[in-house]
Amino acid sequence: VKSLLGTATNIQTMVFGNMGDDSGTGVAFSRNPSTGENILYGEYLINAQGEDVVAGIRTPQPIFRMKEVLPAAYDKFLQNVEKL
């Protein structure tokens, strides 16, 4: 959105994140929310729902580690980040 630089976008899909090792939950930003640096920032959990993160039941992993565990999903994720 050229005329609205700095406009935030929230994209969300409701899914069952606790259906096995090929599903999960997470949050990501196309920029570091603390510094504004143009770098991917976020966390994710495999086989989990959002409540697992909020309740502190499990510790999320940095988003870049997803590349090691789910490379195809991570690549698709990066493609979507680039579009935004």
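Select Gly-26 first: this residue stands opposite Tyr-44 in β2. The model is predicted, so local features need pLDDT of at least 70 and side-chain atom pairs count only at pLDDT 80 or more, while totals for chains, interfaces and linings use all residues. Residues are numbered from 1 along each chain as its sequence is written, and side-chain values use heavy atoms, with hydrogens and water left out.

Next, select residues 41–46, which form strand β2, and display β1 beside them; the two pair in the antiparallel sense over six bridges. Strands here are DSSP runs (E, at least two residues), numbered from the N terminus, and two strands pair if DSSP finds at least two bridges between them. Along this pairing, Gly-24 stands opposite Ile-46 in β2.

Now move to Glu-43, which stands opposite Pro-62 in β3. Between β2 and β3 the pairing is antiparallel, over two bridges. Display the three strands together: they make an open sheet in the order β1-β2-β3, with antiparallel pairing. Its edge strands, β1 (24–29) and β3 (61–62), each pair on one side only.

Finally, select Asn-32, found in the loop between β1 and β2. Is Asn-32 buried or exposed? Asn-32 has a relative accessible area of 15% and is therefore buried (under 20% relative accessible area, with a 1.4 Å probe and protein chains only). A polar atom of the Asn-32 side chain lies 3.2 Å from the backbone nitrogen of Thr-35. Setting aside residues up to four places away in sequence, Asn-32 touches Glu-37, Ile-39 and Tyr-41, where contact means heavy atoms within 4.5 Å.

Terms used:
Helices (H or I, at least four residues) and strands (E, at least two) are DSSP runs, numbered from the N terminus. Buried means under 20% relative accessible area, exposed over 50%, partly exposed in between (1.4 Å probe, protein chains only). A polar contact is a pair of N or O atoms within 3.5 Å; within protein, one must be able to donate a hydrogen and the other to accept it, and residues adjacent in sequence count only if both atoms are side-chain atoms.
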